[in-house]
Amino acid sequence: MGNGSRTSPRLALGLWGLSRVLLLLCVFKIVVIPGPDITFDVREIYQGWYEVLRTGTYPLDDVTWQYPPAAAFAILAPGLLPFLGYASAFFVLAFLCDALVFGLLLHTGRRAGRSSRGAWFWLAGVPLLGPTAYARYDVMVTAVAVAALLAAGRSPRVLGALAGFGAVLKVWPVLLLAGSPKGRATLRSWSTAVGAAAAVLAFCLVWMPGALAFLGFQRDRGTEVESLGAMVFHIVRHFGWEGEARMNYGSIEFLGPYVSTVSTAALVLTVAAFGWLLVWRIRARAFVSSTVADAAFVAVLLFTTTSRVLSPQYMLWLVGLAAVCLAFRSSRMRKPAHLVLWATAVTQFEFPVWFSHVTRSDPLGMAVLFTRNGLLIAATLLACRILWRQTVTEPRLAEVGKVPAQGAQPEREKALSGSY
């Protein structure tokens with residue numbers, strides 16, 4: 001390799017190290033970010049769960065425990081570093097998961113048909129979210145998802161195993177299976193996912209009582225102030241709406257008249273979005289090497305933007321999946337990925353910097369929230385359009401001879417995507 005090919009990885013490693021040191025300085029409170037203490041969840045909530053889990057039971061009396069049973073693994077993981085305090089150990093593990101994702105993307109970028117853009121995207125996206133990236137266990141879940149998608153082309157079973165485990169860790173990784181190539185690849189990945197999820201769930205049920213307590217706590221949540229549906233109440237509270245925004249089930253939610261209606265509407269919108277995803281899968285005709293990652297990105301975008309809860313750490317999921325998309329030269333998701341990157345940058349101002357303005361629905365809070373959510377809506381619609389066009393429209397036109405023959409799926413892409 002020449003000088004240029006050596007310089008780029010070295011530069012990436014240097015910038016990654018510099019930006020991550022800054023994140024560590026923030027979570028260790030050497031550098032203080034304005035707004036609420038983003039480490040509170042780890043130092044108080046996570047550590048409290050840790051103490052309960054160590055007694056041999058899930059937190060049965062804590063409504064903030066709203067996570068699938070395998071989340072206990074992430075909460076207990078800091079105990080692997082007994083020479084550090086709980087919070088310090090958690091931040092170090094988050095750093096190591098970040099490093100793992102970056103390393104996987106760098107390594108992938110050196111393969112044929114791949115690109116280093118994914119590694120650069122991850123390098124930039126995590127610090128744009130700010131210290132929240134290290135102060136939630138989502139970076140651990142994202143590491144599982146990234147590893148699953150990068151393994152999909154070579155081993156559908158590895159994709160399935162990691163997606164199944166991830167589903168019992170935080171539900172959304174099951175969406176990684178949305179774009180698995182039709183035929184044997186889908187059979188292998190989906191059956192493995194079911195087996196892995198069932199095995200992990202069974203272990204958790206036998207391990208200690210209360211593994212399914214999270215279902216009731218999650219069901220009773222309202223409309224979080226950062227979600228798409230909450231934008232309605234940010235507006236109407238200026239016209240006499242009698243509700244309020246206050247802490248409920250571990251987050252700031254809107255409570256009052258019509259909140260349940262908006263929450264139901266959000267659920268209906270989610271169902272409709274996944275109905276579209278099902279129609280896409282039935283009609284999709286061509287799967288290229290990036291389709292598994294592209295479809296996962298689209299599915300999680302749909303899930304995130306329509307959810308009644310849109311916490312800032314959710315952006316980390318999208319950054320990780322967008323990075324995997326950009327690691328494939330065949331992916332066309334560059335524009336929606338960049339919209340997600342901008343939305344991630346805005347999110348750090350939405351939380352924690354100006355979160356008090358968001359909860360008050362003042363002009364500054366509404367401007368930053370509406371900008372972030374607007375970017376996510378645009379990214380979702382654009383990504384859906386791109387996925388449909390590449391896998392449904394163009395192959396159909398090619399079959400009837402309305403586009404040049406080279407627009408059809410290359411044989412190499414078929415092999416890489418597992419279509420054979």
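**Questions about a predicted model**

Visitor: In which helix does L22 lie?
Guide: This is a predicted model, in which local features need pLDDT of at least 70, side-chain atom pairs count only at pLDDT 80 or more, and totals for chains, interfaces and linings use all residues. Residues are numbered from 1 along each chain as its sequence is written, and side-chain values use heavy atoms, with hydrogens and water left out. Helices (H or I, at least four residues) and strands (E, at least two) are DSSP runs numbered from the N terminus, and the one that holds L22, covering residues 3-27, is helix α1.

Visitor: Is L22 buried, partly exposed or exposed?
Guide: Buried means under 20% relative accessible area, exposed means over 50%, and partly exposed lies in between, with a 1.4 Å probe and protein chains only. Because its relative accessible area is 47%, L22 is partly exposed.

Visitor: How are the rings of W172 and W317 arranged?
Guide: Rings of Phe, Tyr and Trp (its six-membered ring) pair if their centres lie within 6.5 Å, and planes under 30 degrees apart count as stacked, over 60 as edge-to-face and the rest as tilted. The structure holds 29 aromatic pairs. In the pair of W172 and W317, the distance is 4.9 Å centre to centre and the angle between the planes is 20°, an arrangement that is stacked.

Visitor: How many residues apart in sequence are the parts that this pair of W172 and W317 ties together?
Guide: Both W172 and W317 are buried. W172 lies in the loop between α7 (156-170) and α8 (184-207), whereas W317 lies in helix α13 (residues 314-326), so the pair ties together parts whose separation in sequence is 145 residues.

Visitor: Why is strand β3 described as largely enclosed by the rest of the structure?
Guide: S251, E253 and L255 point one way from β3, while I252 and F254 point the other way, and all are buried. Strand β3 (residues 251-255) is therefore largely enclosed by the rest of the structure, the count of buried residues being 5 of the 5.

Visitor: Which residue of β3 is the bridge partner of R246?
Guide: Two strands pair if DSSP finds at least two bridges between them, and strand β2 (residues 244-248) and β3 pair in the antiparallel sense over 5 bridges. These strands, β2 and β3, form a hairpin with 2 residues between them, and Y249 in the turn has a positive phi of about 55°. Strand β1 (residues 223-224) also runs antiparallel to β3, joined by 2 bridges, and there E224 stands opposite E253. For R246, the bridge partner in β3 is E253.
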